[in-house]
Amino acid sequence: MNLIDQAQVNAFFAAEKPEYVIHAAGLVGGIMANSTRQADFLYENMMVAANVIRAAAERGTRKLLFLGSSCIYPKFAKQPIHESELLASGLEPTNEGYAVAKIAGLKLCTMYRRQYGKDFISAMPTNLYGPNDNFDLVSSHVLPALLRKFHDAKISGKNEVILWGTGKPLREFLHVDDLADALLTLMEKYGDEQTINVGSGEEVSIAELARIVAEVTEFQGDLVFDSSKPDGTPRKILDSGRLRNLGWEPRISLVEGVRNTYQWALKNSAFT
Ligand code: GFB
């Protein structure tokens, strides 16, 4: 089904009448994909959100959870970022299109709650990674990209890997299995109009992440940072206190998560 096509979405909801909807679909990517395809990222993610949320409201969905991303917050938001920072100042330019689409989606959930009394909620995860990730070297996020780069360099005997930017930006990472667990907690226990953050609380610099990936992939060469490529936002660690108050805690550490993602990628030939 093409979620951009409202007629197809309406036909699906009319036929299936889903009681519960977790909206995790969208056009997603890392800093390069976001910064070079801003119109696509804004249009496609806005259309998908509008179609699914509207159809769910019209077909009696009991609860809908809309997923956004930590990039909805201002570039220079106070860290750790509390949900109240939303729209407090300007966005990070490299992913403005995606961020505006996700802000529109979370606001649509809020407005359906206010006008029609719908139990529609939204959650903003931090940078996600894990099995079934996108390992394409241009469109992917940093963690899968580094797994592939270091693996390929080790296999081909190269003694250096080129990374984008300066390596200085800080990022928080959350394994998708921890995210799935958080979403079940939210579906069971959360019913407020304010969006809610889903973060691990564990942040590293890109250079530190590269060292973790080098150790996991047993790459022993040099790291070269290409500062002609964008760094993006300097830091975006989330304040996930409101979610922790619901009893959720992440269980997968970054090193353990990188290790199991690498094992999954090898087993599923994800680098070819
Ligand atoms: O994960 P990433 O692409 O997106 O980049 P963001 C994170 C950081 O890693 C940036 C650096 O500072 C990149 O310069 N980096 C270093 C690399 N080497 C690489 C590489 O080989 N590939 C990639 N991709 N990055 C995204 C948003 O921002 O965060 C999305 O664009 C979404 O919309 C996602 O919100 C969660 O973390 O900068």
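Two strands are taken to pair if DSSP finds at least two bridges between them. By this criterion, strand E2 (residues 63–67) pairs with strand E3 (residues 120–125) in the predicted model, the two running parallel and being joined by 4 bridges. Within this pair, Leu67 is placed opposite Ala123 of E3.

The protein contains 9 helices and 9 strands. Its radius of gyration is 19 Å, close to the 19 Å given by the globule rule for 272 residues, so the protein is as compact as a globular protein of that length. The C-alpha trace spans about 60 × 40 × 35 Å along the principal axes of the protein. Of the 272 residues, 48% are buried. The accessible surface amounts to about 12400 Å², and carbon and sulfur atoms account for 51% of that surface. Contacts between residues at least 6 apart in sequence were also examined, and 81% of them join residues at least 24 apart.

The pair E2 and E3 belongs to an open sheet of 4 strands, in the order E1-E2-E3-E7, with parallel pairing. Strand E1 (20–23) and strand E7 (196–198) are the edge strands, each pairing on one side only. On average, neighbouring strands in this sheet are turned by 25 degrees against each other, direction ignored. Helix H3 (residues 38–58) lies across E1, E2 and E3, and runs at about 170 degrees to E2.

Another open sheet consists of 3 strands in the order E4-E6-E8, and its pairing is mixed. E4 and E8 stand at the edges with a single partner strand each, so one side of each is left without a neighbour in the sheet. Neighbouring strands of this sheet are turned by 45 degrees against each other on average, direction ignored. Helix H6 (residues 176–189) packs on the sheet and touches E4 and E6, its direction making about 70 degrees with that of E6. H7 likewise packs on the sheet, touching E6 and E8, and the direction of H7 makes about 95 degrees with that of E8.

Strand E4 (residues 127–129) runs parallel to E6 and is joined to E6 by 3 bridges. Asn127 stands opposite Phe173 in E6, and Tyr129 has His175 of E6 as its bridge partner. E6 and E8, by contrast, pair in the antiparallel sense, over 3 bridges, with Glu203 in E8 as the bridge partner of Glu172. In strand E6 (residues 170–175), 5 of the 6 residues are buried, so the strand is largely enclosed by the rest of the structure. Strand E8 (residues 203–205) includes Ser205. With a relative accessible area of 10%, Ser205 falls under the 20% limit and is therefore buried. Leaving aside residues up to four places away in sequence, Ser205 touches Gly167, Lys168, Pro169 and Leu170.

In soluble globular proteins, nonpolar side chains tend to be buried together. The largest nonpolar core in the model has 25 residues, and those with the most contacts inside this core are Leu143, Leu147, Phe150, Leu209, Leu254 and Val258. Two or more residues each are given to the core by helix H5 (142–156), strand E5 (160–164), helix H7 (206–217) and helix H9 (254–267). H7 supplies the largest share, 6 residues. Val258 touches Tyr129, Leu143, Leu147, Ile212, Val213 and Val216, not counting residues up to four places away in sequence. A second, separate core comprises 24 residues, among them Val9, Val21, Ala57 and Ile72.

Technical notes: Residues are numbered from 1 along each chain as its sequence is written. This is a predicted model: local features need pLDDT of at least 70, side-chain atom pairs count only at pLDDT 80 or more; totals for chains, interfaces and linings use all residues. Side-chain values use heavy atoms; hydrogens and water are left out. Axes are lines fitted to C-alpha atoms, for helices over the stretch in contact, and angles run from 0 to 180 degrees between N-to-C directions. Contact means heavy atoms within 4.5 Å. The radius of gyration is taken over C-alpha atoms; the globule rule is 2.2 Å times the number of residues to the power 0.38. Buried means under 20% relative accessible area, exposed over 50%, partly exposed in between (1.4 Å probe, protein chains only). Accessible areas come from the Shrake-Rupley method with a 1.4 Å probe; for residues, only the protein chains shown count as cover. A nonpolar core is a set of buried Ala, Val, Leu, Ile, Met, Phe, Trp, Tyr and Cys residues joined through side-chain atoms within 4.5 Å.
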